[in-house]
Amino acid sequence: MPHTASDTDEARPLVQLRGIVKSFGHHTVLTDVDLTVNRGEHVVIFGPSGSGKSTLLRSINLLEYPTSGSVCVDGIEYGPGIAGETPTARGKARDLRERVGMVFQQFNLFPHLTALDNVSIALRRVKGISRAKADELAAQQLDRVGLGAKLASYPSMLSGGQQQRVAIARALVMDPSVMLFDEPTSALDPEMVGEVLAVMRELAATGMTMIVVTHEMGFAREIGDQNVFMDAGCIVEQGGREIFERPAEERTRTFLEAIIP
């Protein structure tokens with residue numbers, strides 16, 4: 001049964017990260033990161049390569065488990081938590097990933113499965129839905145991303161932009177509460193970027209909660225309700241669309257001047 005948001009649900013943040021630290025051995029990638037994402041909000045994360053953007057995104061669904069800090073989604077604690085605090089409810093990573101859709105730089109489609117099967121397989125294996133119903137739901141999502149005529153196509157028969165749209169449909173079919181996009185256009189040829197961004201714009205228009213790591217600053221300016229600039233594993237600055245015109249921090253200004261004509 002779909003989750004129906006209560007007044008309490010609406011009042012609390014959908015995603016809340018507090019004090020997130022992530023280290024790989026002696027190398028610290030994230031340092032004391034806090035981020036709050038409300039329902040229906042579109043958050044854009046940008047910054048130089050190696051600044052920790054993708055690691056932060058992957059911490060939200062525990063593909064990277066934080067070294068310390070709190071990962072709270074819809075009021076449920078999934079991360080290690082804050083020392084001395086007892087969460088009211090603690091969830092499992094598998095449950096979290098059913099609620100948090102993710103689209104990667106690489107499409108990660110099964111090459112031996114059609115577009116329809118790539119989208120429906122999780123419904124059958126994770127949610128136990130019958131093949132007929134799973135295929136029906138998968139076809140709806142593929143049509144939603146403009147691929148209703150490609151149900152029987154294998155990944156090798158699709159362009160990069162089409163494959164990424166299959167990957168988006170695959171995430172959407174699980175009916176997630178929030179969608180994470182990790183540089184979804186970076187592996188695409190320039191002429192294919194627009195078709196993926198168009199689908200993301202349409203998702204944003206529906207009120208889908210989205211957290212997007214991207215270098216597409218024009219797109220960021222267009223959809224970003226909250227824009228987060230990261231450098232060296234920290235959030236340097238965050239704000240609304242004004243951050244692109246009037247950044248408060250010198251590091252943000254120099255970065256934007258270097259990448260925006």
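Trainee: Which residues in H4 meet which residues in H5?
Mentor: On the H4 side there are Ala115, Leu116, Asp117, Val119, Ser120, Leu123 and Arg124, and they meet Arg131, Ala134, Asp135, Leu137, Ala138, Ala139 and Leu142 in H5, where contact means heavy atoms within 4.5 Å. Keep in mind that this is a predicted model, in which local features need pLDDT of at least 70 and side-chain atom pairs count only at pLDDT 80 or more, while totals for chains, interfaces and linings use all residues. Residues are numbered from 1 along each chain as its sequence is written, and side-chain values use heavy atoms, with hydrogens and water left out.

Trainee: How do the residues of that contact divide by class?
Mentor: The contact of H4 with H5 has 9 nonpolar, 1 polar and 4 charged residues, with Ala, Val, Leu, Ile, Met, Phe, Trp, Tyr, Cys and Pro counted as nonpolar, Asp, Glu, Lys and Arg as charged, and the others, Gly among them, as polar.

Trainee: And at what angle do the axes of H4 and H5 cross?
Mentor: The axes of H4 (residues 115-125) and H5 (residues 131-144) cross at roughly 125° and come within 8 Å; axes here are lines fitted to C-alpha atoms, for helices over the stretch in contact, and angles run from 0 to 180 degrees between N-to-C directions. The two helices are therefore oblique to each other, since angles under 35 degrees count as roughly parallel, over 145 as roughly antiparallel, 65 to 115 as roughly perpendicular and the rest as oblique. Helices (H or I, at least four residues) and strands (E, at least two) are DSSP runs, numbered from the N terminus.

Trainee: What about H6 and H7, are they roughly parallel or oblique to each other?
Mentor: H6 (residues 160-172) and H7 (residues 190-205) have axes that cross at roughly 25° and come within 8 Å, and the two are therefore roughly parallel. From H6, Gly160, Gly161, Gln162, Gln164, Arg165, Ile168 and Leu172 meet Met192, Glu195, Val196, Val199 and Leu203 in H7, a contact that holds 6 nonpolar, 4 polar and 2 charged residues.

Trainee: Changing topic, how many aromatic pairs does a search of the whole structure find?
Mentor: The search finds 4 aromatic pairs, where rings of Phe, Tyr and Trp (its six-membered ring) pair if their centres lie within 6.5 Å, and planes under 30 degrees apart count as stacked, over 60 as edge-to-face and the rest as tilted. In one of them, phenylalanine 46 and phenylalanine 229 have ring centres 5.4 Å apart and planes at 40°, so the pair is tilted.

Trainee: Where do phenylalanine 46 and phenylalanine 229 lie?
Mentor: Phenylalanine 46 lies in strand E3 (residues 42-46) and phenylalanine 229 in strand E9 (residues 226-231), so the pair ties together parts that are 183 residues apart in sequence. Both phenylalanine 46 and phenylalanine 229 are buried, meaning under 20% relative accessible area, with exposed over 50% and partly exposed in between (1.4 Å probe, protein chains only).

Trainee: Which residues do ring pairs link into a cluster?
Mentor: The cluster is made of Phe46, Phe229, Phe244 and Phe255.

Trainee: Last one: is glutamate 202 buried or partly exposed?
Mentor: Glutamate 202, which is found in helix H7, has 47% relative accessibility and therefore counts as partly exposed.
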